[in-house]
Amino acid sequence: LQARVASGQRPAASVLGPVAARVERAAVADPAAAIAALHARVGACVRCELAAGRSQIVHGRGDPRARLVVVISGPDAAADEAGRPLTGAGEALLGKMLAAIGLDYTSIWLTSLVRCALPGQPQPRAPNSSELRACVPILAHEIDIVRPSVLLALGLPAARFLLRQPDAEMGAMRERWHEARDVPTIASWAPSDLLLDAGRKREAWVDLQEVARRLGDRPDRRG
């Protein structure tokens, strides 16, 4: 998350000032309260043009002490209406994938690069640089509060941003470990990608198994 969101532009983490300040590496005493305070501080954000088309801000949700943080691009219109990062077939598919490695939505933290509905059908467009500058500091702070053992970046926009590879294709980022926000990070296809091309499910399963292995091998960072 220390990458510049576009060539020649300042890092996204500088935009919201104290909101994006890195949380101390010592474990937060009450992550749930810290997350709630962060989201309250964001308030009714109007820092980018996406605000005009949303019905509500869709923040991350799940277990604020999770060992796995899953990052997607952002909510679509249905997720915006429901107030959850994922809905429908995408939510169901990711739920099945998580269940296959012994996890569910109550045991991970699911969040996104941006918090307002991204336009586009059948798949929303990628967030632009101004939208990332407005929203990514919230994501950075969430990661610092949750302090996961692993980050899973789902979809090209999330993978490219988190891995600081703005022009890379998924094939160049998958099946290897990276680091974002000092956390081991792996990239894979988003549920929407898998719904459009079922042939990618095998690749996604390989990536998810690697996440499971890393979670099994890596001790809890919080001690």
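**Before you start**

You have a predicted model open, in which local features need pLDDT of at least 70 and side-chain atom pairs count only at pLDDT 80 or more, while totals for chains, interfaces and linings use all residues. Residues are numbered from 1 along each chain as its sequence is written, and side-chain values use heavy atoms, with hydrogens and water left out.

**The whole chain**

Show the protein chain as a cartoon: it has eight helices and six strands (DSSP runs numbered from the N terminus, with H or I of at least four residues for helices and E of at least two for strands). Read along the sequence, the pattern is α-β-β-α-α-β-α-β-α-α-β-β-α-α. Buried residues (under 20% relative accessible area with a 1.4 Å probe, protein chains only; exposed is over 50% and partly exposed lies in between) make up 50% of the 223 residues.

Now select the six strands, which form an open sheet in the order 1-3-2-4-6-5 with mixed pairing. Its edge strands are strand 1 (61-62) and strand 5 (178-180), each pairing on one side only; two strands pair if DSSP finds at least two bridges between them.

Zoom in on strand 4 (150-154). Five of its five residues are buried. Val150, Leu152 and Leu154 point one way, and Leu151 and Ala153 the other way. In a regular strand the side chains alternate between the two faces of the sheet.

In strand 6, alanine 187 is the bridge partner of alanine 153, and isoleucine 186 is that of leucine 152.

**The core**

Select Leu68, Val70, Leu113 and Leu152: of the 61 residues in the largest nonpolar core, these touch the most other members. Such a core is a set of buried Ala, Val, Leu, Ile, Met, Phe, Trp, Tyr and Cys residues joined through side-chain atoms within 4.5 Å. The largest share of this core, nine residues, comes from helix 4. Display the surroundings of valine 70 and you will find contacts (heavy atoms within 4.5 Å) with residues including Leu94, Trp109, Leu152 and Leu154.

**Helix 4 and helix 1**

Helix 4 (residues 129-146) lies across strand 2, strand 3, strand 4 and strand 6, at about 165° to strand 3. Axes are lines fitted to C-alpha atoms, for helices over the stretch in contact, with angles from 0 to 180 degrees between N-to-C directions. To see where they meet, show Pro31, Ala34, Ile35, Leu38, His39 and Val42 in helix 1 with Ile138, His141, Glu142, Ile145 and Val146 in helix 4.

**Last stop: helix 3**

Select residues 88-100, where Gly90, Leu93, Leu94, Gly95, Met97 and Leu98 of helix 3 are buried. The buried residues of this helix pack against strand 2, strand 3, strand 4, helix 7 and helix 8. Just after helix 3, look at glycine 102, which takes a positive phi of about 80°.

Definitions and conventions:
Lists of a residue's contacts leave out its neighbours within four places in sequence.
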